Amino acid sequence: MAVERSLTKLGALVTDLDRASDERLEDAEVLLRCERYAAAIMQGVYSLEIKLKVVICRRLQVLNLPLVFQIHDLEALMLHAGLARKIGGVRRPRHVAKNWQELLKLSKGLDELRYRTDPEWDQRLARRVLHQLRDSPHGVLPWLSKQASLKTR
Amino acid sequence: MALQAGITQDAVNIARAIHHYAKLRGWSQDDYHIFITYNNDFSTLMILVLAKDLDDRDEEQEFKDYDDVMDVIEAQARPKLQVTNYYSLVLRGLKDFAFYPSRHLDPPEYEIDEKLINNGVSWSEPFRSTHR
C-alpha cells in the first residue's frame, strides 16, 4: 500500500529540483576552493542525483517528482530515467559513458564516507569528479540536460 | 537460481573478453585483476579492471583504454549475454586502489566469485582472512 501511495503522491517541484541541482554544483565548486574535497565530491554527486530526478520528471511530463523516486541510488535513477542503456550504448568514443560509470562507482562509496575520513578523497579526485560532471562535451550533467531538452549550462 | 547462473555465466564471458584484451597488451596474470559485482534487482554488472599498466595515464589515454576494452567486450561477450541488462566498466591503476577497507556490499549487490573470473586467482583473499 505504501508503494502504491508513493507512486501517486507528488513531491518537490521540478523547477525547484533543477535549481537545487545547480546550487549543489556551485556548492561543490566553493568547497573545492576551500579544500573540503570529500564534501565537494559529495555535493557534486548530489547535483547529479537531483538532475536525474529532473530528467525523470521531464520524461514523465510531470511538474513534481513522484515520491517513489525520492531515492539516492544513481543506478536506479538512471534506469527510471530510461537512459541506462542509452548512456552506455554510444559507440566509440564513449566519453560520457566512461565518466558516468566512474561517477556511479564512486557514488556507491558515499554512504561509508559519512562515518569516516578517507585520504583517498583528495584534491585530484575532487577536481576529476567535477570535471566529469560538468565540463562539456563529456560531462554527465550537460549530457543529461540535453536528454531532457533542458537548457545546457 | 536460473537468473543467478545466467548472471555468473555473463560475468565469466565478460572476464574472458577482458583476458583476451590483456593478452593483446602483453599483460601477465600478475599484472592485472578483474572484479565484478552484480545488482540482483536490475540484473546489471559493474566491472572493475585493475592493472599496473593503467597507472599514471593522461585523460586521452584513459578514454582510449576504456574504448578499447569496451570494444573487445562488445565484440566477444555482448552477443553471448543471457540475462544482463547492461554493464559498467571502470579501469584503475594499482596505485589508485586500496584492498582494505573495501566497500561492504549489501543485497541486492553481490560479488562474482573472484577466482571464477580470474583463472583461479584471488587478490583480495589474503586481506579478507587477515581482517575478518
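1. The C-alpha trace of chain B spans about 40 × 40 × 25 Å along its principal axes.

2. On conventions, this is a predicted model, in which local features need pLDDT of at least 70 and side-chain atom pairs count only at pLDDT 80 or more, while totals for chains, interfaces and linings use all residues. Residues are numbered from 1 along each chain as its sequence is written, and chains are lettered from A and ligands numbered from 1 in the order in which they are written.

3. The secondary structure of chain B comes to 4 helices and 4 strands, arranged along the sequence as α-β-β-α-β-β-α-α; helices (H or I, at least four residues) and strands (E, at least two) are DSSP runs, numbered from the N terminus. Of its 132 residues, 28% are buried, a residue being buried if 20 or more other C-beta atoms lie within 10 Å of its own, exposed if 12 or fewer, and partly exposed in between, with C-beta atoms placed from the backbone. Among the contacts in chain B with a separation of 6 or more, 76% join residues 24 or more positions apart, where contact requires C-beta atoms, placed from the backbone, to lie within 7 Å.

4. Chain A has 153 residues and a radius of gyration of 15 Å, in agreement with the value near 15 Å for a compact globule, and its C-alpha trace spans about 45 × 40 × 25 Å along the principal axes. It comprises 9 helices and 2 strands, which run α-β-α-α-β-α-α-α-α-α-α from the N terminus on. Buried residues make up 41% of chain A, and residues 24 or more positions apart account for 68% of the contacts with a separation of 6 or more.

5. Where chains A and B meet, 18 residues of chain A and 15 residues of chain B take part. On the side of chain B, strand E2 (44-51), helix H2 (59-76) and strand E3 (86-93) each give two or more residues, with H2(B) supplying the largest share, 5 residues. That side of chain B divides into 9 nonpolar, 3 polar and 3 charged residues; Ala, Val, Leu, Ile, Met, Phe, Trp, Tyr, Cys and Pro count as nonpolar, Asp, Glu, Lys and Arg as charged, and the others, Gly among them, as polar.

6. The largest nonpolar core has 44 residues, of which Ile41(A), Leu48(A), Leu52(A), Met78(A), Leu103(A), Leu133(A) and Val140(A) touch the most other members; such a core is a set of buried Ala, Val, Leu, Ile, Met, Phe, Trp, Tyr and Cys residues joined through C-beta atoms within 7 Å. H3(A) gives the most to this core, with 14 residues. A second, separate core of 31 residues includes Ala22(B), Ile34(B), Met70(B) and Ile112(B).

7. Two residues of chain A may be checked individually, in each case not counting residues up to four places away in sequence. Met78(A) touches Leu52(A), Leu83(A), Ala84(A) and Ile87(A). Cys57(A), which is placed in helix H3 (residues 37-60) of chain A, counts as buried because it has 25 C-beta neighbours inside 10 Å, and touches Val14(A), Val62(A) and Leu65(A).

Notes: The radius of gyration is taken over C-alpha atoms; the globule rule is 2.2 Å times the number of residues to the power 0.38.
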